[in-house]
Amino acid sequence: MTPTLTVRLGTRSSALATAQSQMVARDLEAAAARAEVPLQVELVPVRTRGDVDPTSLSRLGGTGVFAAALREALLAGGCDLAVHSFKDLPTAPVPGLTVAAVPLRQDPRDALCARPDLAGRAAPEPGGRAVPGLSEPAGPAPGLGLLPPGARVGTGSPRRAAQLLAARPDLQVVDLRGNVPTRLSRVLGPALSADGSLGAVQEPDLDAVVLALAGLRRLRLEGWASLVLAGTTQQAATTGAPLMLPAPAQGALAVETRTDVAETLPALATALAALDDPAARAAAIAERAVLAGLQAGCAAPVGALAQVEGQRLDLEAAVVSLDGARRVTVREQGPAAQAATLGARAAAALLAQGAAQVADLQATRTPRHQDPRGRA
């Protein structure tokens, strides 16, 4: 009988990162069982600077700040796998590492989470996690009209800020950091517990925040979503929800390992191949190819969403000015097997339409939004 192989999966300690890693661990063990490969996954906590430093992500060095420590642990042999939110990975490859699996993708769209009174709900009870019985945001899309004039909306993403202002120029966009419960607590106050060393405020100071729907669902907090924002222009036209093209690869996970895994841990390589979802991988490749083709910095307001049906891939991408006044959009369609080519073609089309004049594509620092405590 083949002995069970134990592999170490490195994970950040935030609630979302832990939930994602636990999910991948379960799915990987199930995939290994289907492939008749005895495998057990052990989680190994890895602290990253992005989890403990409240500085704006762009000033820390971009979303890659979350991946760096995990990648160092992988290369040093401290773990055999690492799970990343794919949108947090820089597009440049790291020698010695490879994304060995992209599991089935969660919903890539963004969600507006508004104050309970604005969303037509009773105030939450302290310590509550979500509206009882809600697994999907209910009712017809009310649009951003549920927010009062001049509402204060939190986001740390220039992409989200630009698209919010495109729909509602009167909104006050407030820079936001912290893990998902921490951000949501800026609207709900003590209804949510602190998540990690970044803590949670005790009193709400924002009218709404914009968060990835995938993260809310993985934490079972989607009941607080007041409005799911449309991920494509077609969805916006169909549902009436405001358009918010997501970040490239949003909602997708990347399971990274060392490139020699097939030689050193063949059982793990077999399990990872069984875990990989070809449609999720193709969509992420196409969207990330847009970023690479634009040579976009971490603070560039770029959105992209690829949808795969059968062997076909439909990609929409956009660059939006930071004030929301200008936008260039492209759409590419073709074989899913040519995902990287389609993404590169979309980037070239955006540049041909003047994307570099619409926004600073090399931006690595966000503009300084209004701080709720009186600081710039």
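Visitor: Which residues does V153 touch, not counting residues up to four places away in sequence?

Guide: V153 touches L112, L147, L164, L171, Q172, V173, V174, A208, V209 and V210, where a contact means heavy atoms within 4.5 Å. Before going on, note that this is a predicted model, in which local features need pLDDT of at least 70 and side-chain atom pairs count only at pLDDT 80 or more, while totals for chains, interfaces and linings use all residues. Residues are numbered from 1 along each chain as its sequence is written, and side-chain values use heavy atoms, with hydrogens and water left out.

Visitor: Where does V153 lie, and why does V153 count as buried?

Guide: V153 lies in strand β6, residues 152–154, and V153 counts as buried because its relative accessibility is 0%. Buried means under 20% relative accessible area, exposed over 50%, and partly exposed in between, with a 1.4 Å probe and protein chains only. Helices (H or I, at least four residues) and strands (E, at least two) are DSSP runs, numbered from the N terminus. The C-alpha atoms of V153 and V174 are separated by 5.9 Å, with the two residues 21 apart along the chain.

Visitor: Zooming out, how many helices and strands does the chain have?

Guide: The chain has 13 helices and 13 strands, and 55% of its 376 residues count as buried. Among the contacts with a separation of 6 or more, 69% are accounted for by residues 24 or more positions apart.

Visitor: How many residues of α6 are buried, and what do they pack against?

Guide: Nine of the nine residues of helix α6 (180–188) are buried, including R183 and R186. The buried residues of α6 pack against α1 (15–34), β5 (110–114), β7 (172–174), β8 (208–212) and α7 (213–218). Just after α6, G189 takes a positive phi of about 65°.

Visitor: And A15 in α1, what does it count as?

Guide: A15 lies in helix α1 and counts as partly exposed, because its relative accessibility is 29%. The C-alpha atoms of A15 and L219 are separated by 7.5 Å, although these residues are 204 apart along the chain.

Visitor: Now the sheets. What is the strand order in the open sheet of five strands?

Guide: The order is β2-β1-β3-β10-β4, with mixed pairing, where two strands pair if DSSP finds at least two bridges between them. The edge strands are β2 (39–45) and β4 (97–101), each of which pairs on one side only. The twist averages 35° from one strand to the next. Strand β1 (5–11) runs parallel to β2 and is joined to it by seven bridges, and L5 has L39 as its bridge partner in β2.

Visitor: Which strands does α10 lie across?

Guide: Helix α10 (266–275) lies across β1, β2, β3 (81–85), β4 and β10 (253–258), and runs at about 160° to β10. Axes are lines fitted to C-alpha atoms, for helices over the stretch in contact, and angles run from 0 to 180 degrees between N-to-C directions.

Visitor: What about the three-strand sheet: what is the order there?

Guide: That open sheet has the order β11-β12-β13, and its pairing is antiparallel. At the edges stand β11 (302–309) and β13 (327–335), each with a single partner strand, so one side of each has no neighbour in the sheet. The twist averages 10° from one strand to the next. Eight bridges pair β11 with β12 (312–320); G303 has A318 as its bridge partner in β12. Helix α11 packs on this sheet, touching β11 and β12, and its direction makes about 150° with that of β11.

Visitor: At what angle do the axes of α11 and α12 cross?

Guide: The axes of α11 (278–294) and α12 (339–352) cross at roughly 35° and come within 7 Å. Residues that meet there include A282, I285 and A286 in α11 and A339, A340 and G343 in α12.

Visitor: Last one: which polar partners does R105 have?

Guide: R105, in the loop between β4 and β5, has a polar atom of its side chain 2.8 Å from the backbone oxygen of Q250. A polar contact of 2.9 Å also joins the side chains of R105 and E287; such a contact is a pair of N or O atoms within 3.5 Å, and within protein one must be able to donate a hydrogen and the other to accept it, with residues adjacent in sequence counting only if both atoms are side-chain atoms. At 18% relative accessibility, R105 counts as buried.
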